[in-house]
Amino acid sequence: MRLIKLLYIVTLNNCYFGSAGQSWKKLSIEKIIENLDFSPKVITFEDLDTLSLNKDDILVYTSSENPEVRQFIKNRLYYIKDKCKLIPSYELLMAHEDKGFQEVMKQEKSFGNLKGNYIFDIDNHKISYPKVLKTAQGAGSSGVFLVKNNNDVKKIKSKFFNQDIKRKLIKLQRKIKLNEQEYQIYSYKYKKFNLFVEQDFIQALECDYKVLVFGNRYYVLKRNVRKNDFRASGSGNFEFIEPPIDVLEFAKEVAHTLNNPYLSLDIAQSAKGCHLIEFQATNFGPYTLLNVPFRFVDSNGTWNKEENCKDLESNYAYSLNFFLGKKNVS
Ligand SMILES: Nc1ncnc2c1ncn2[C@@H]1O[C@H](COP(=O)(O)OP(=O)(O)OP(=O)(O)O)[C@@H](O)[C@H]1O
Ligand SMILES: [Mg+2]
């Protein structure tokens, strides 16, 4: 039994470790390592078979924006999660690009201050108005809808829960051939389902806050809502501001619950406090870190304003150093 913990960084085969923003860029692992207090071994997911892991070993791994690759990583790490420490944790991998699992996680761990539900059958779900409905996957506000009445729900049903014409025709044939009970079973089996989340609508927001957390460093971008729209993400209407302390404190509380070196949080502030709209613990967009002039650093409960060096890799290294500490990691 080794006494020393080993640290691995797991990349895709092309050394990809996300995300550096534009799809033609990647984080430089060499540069992250230069700034680390540890000497990790860089491997790929294919190398995992050859490792003999100890419980205290640490795998810092990338996820992927590509759904197939992400599914591969989830399957690949399923048993490995019990053999060592994963960063991000397996549940944070499940939450990556999946608003449905984020709702499950928020309910289980009671955080976020925003009521929501995960649904696949919109007919089985009584919606009170107003609500926000979202496809479980999607970014830049695509797939995010405000529903205020039955008509709005109808529109979503016809766009996302509508069977294709071929299936409708087969169904018609089955209706003639099958008895009532068989037809009910058959219809449900081939019903058009879709993965959605439903959230309470936070009324009259003028903006939300994108908060990137790297260790105890918080980078905040104010995103104003679009004209005649309730959505801020994707508006491109950004402001560099001094964030409200309540937003920083709320982000800190969420970061404590999620327990990852780095995070991206979408936070809204209303008269009822702050609300967590969405979160990612891997492969999130770095725009905020690369552009805001200042960061806010939590130093034992006080917030210090510092100039932002706008360097992505050194922040990844900083956050890993902060998270892992120096104890026995080789
Ligand atoms: N429950 C809600 N109440 C009010 N406004 C909301 C709610 N959920 C989302 N919004 C608004 O819609 C925008 C997009 O929502 P969300 O962040 O869930 O989707 P997204 O398309 O994944 O965005 P991103 O590009 O940030 O990943 C938010 O920036 C916010 O302005
Ligand atoms: Mg968002």
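A residue is called buried if 20 or more other C-beta atoms lie within 10 Å of its own, exposed if 12 or fewer do, and partly exposed in between, with the C-beta atoms placed from the backbone. By that count Ser 110, which has 8 C-beta neighbours inside 10 Å, is exposed. This is a predicted model, in which local features need pLDDT of at least 70 and side-chain atom pairs count only at pLDDT 80 or more, while totals for chains, interfaces and linings use all residues. Residues are numbered from 1 along each chain as its sequence is written, and chains are lettered from A and ligands numbered from 1 in the order in which they are written.

**Overall form**

- The secondary structure of the chain comes to 10 helices and 15 strands, where helices (H or I, at least four residues) and strands (E, at least two) are DSSP runs numbered from the N terminus.
- The radius of gyration of the chain, taken over C-alpha atoms, is 22 Å, close to the 20 Å that the globule rule (2.2 Å times the number of residues to the power 0.38) gives for 330 residues, so the chain is as compact as a globular protein of that length.
- Along the principal axes, the C-alpha atoms of the chain fill a box of roughly 70 × 50 × 35 Å.
- Of the 330 residues in the chain, 31% are buried.
- Two residues are in contact if their C-beta atoms, placed from the backbone, lie within 7 Å; among the contacts in the chain with a separation of 6 or more, 66% are between residues 24 or more positions apart.

**Domains**

- The domain assignment, with bounds that come from an automatic or database source, gives domain 1 (7–94), domain 2 (115–201) and domain 3 (204–324).
- The centres of domain 2 and domain 3, taken over C-alpha atoms, are separated by 34 Å, and the contact between them takes 4 residues from domain 2 and 4 residues from domain 3.
- On the side of domain 2 that touches domain 3 there are 2 nonpolar, 2 polar and no charged residues, where Ala, Val, Leu, Ile, Met, Phe, Trp, Tyr, Cys and Pro count as nonpolar, Asp, Glu, Lys and Arg as charged, and the others, Gly among them, as polar.

**Surroundings of ligand 1**

- Ligand 1 is surrounded by 23 residues, of which the closest are Gln 199, Ile 202, Arg 231, Ala 232 and Ser 233; a residue is near a molecule if its C-beta atom, placed from the backbone, lies within 6 Å of it.
- By class, the shell around ligand 1 holds 10 nonpolar, 7 polar and 6 charged residues.
- At least three residues of this shell come from each of domain 2 and domain 3, and strand S6 (131–135), strand S8 (196–200) and strand S13 (273–280) each supply at least two.

**Nonpolar cores**

- A nonpolar core is a set of buried Ala, Val, Leu, Ile, Met, Phe, Trp, Tyr and Cys residues joined through C-beta atoms within 7 Å; the largest has 55 residues, and those that touch the most other members are Val 211, Val 213, Val 220, Val 247, Ala 251, Leu 265 and Ile 267.
- Helix H8 (residues 245–258) gives the most to this core, with 7 residues, and because domain 1 and domain 3 both give residues to the core, it lies between them.
- Apart from this core lies another, of 6 residues, including Leu 133, Val 147, Phe 196 and Val 197.
- Val 247 is found in helix H8 and counts as buried, with 21 C-beta neighbours inside 10 Å.
- Leaving aside neighbours within four places in sequence, Val 247 is in contact with Tyr 209, Val 211, Val 220, Ile 267, Gln 269 and Cys 274; Val 247 and Gln 269 are 22 residues apart in sequence and 7.3 Å apart in space, C-alpha to C-alpha.

**Backbone points to check**

- Most residues other than glycine have a negative phi, and most peptide bonds are trans.
- A cis peptide bond, with omega about 0 degrees, joins Ile 87 and Pro 88, and Pro 88 is found in the loop between strand S4 (85–87) and helix H3 (90–95).
- The peptide bond from Tyr 129 to Pro 130 is also cis, with omega near -10 degrees.
- Ser 110, although not a glycine, has a positive phi of about 45 degrees.
- Asn 283, also not a glycine, has a positive phi of about 55 degrees and counts as partly exposed, with 19 C-beta neighbours inside 10 Å.
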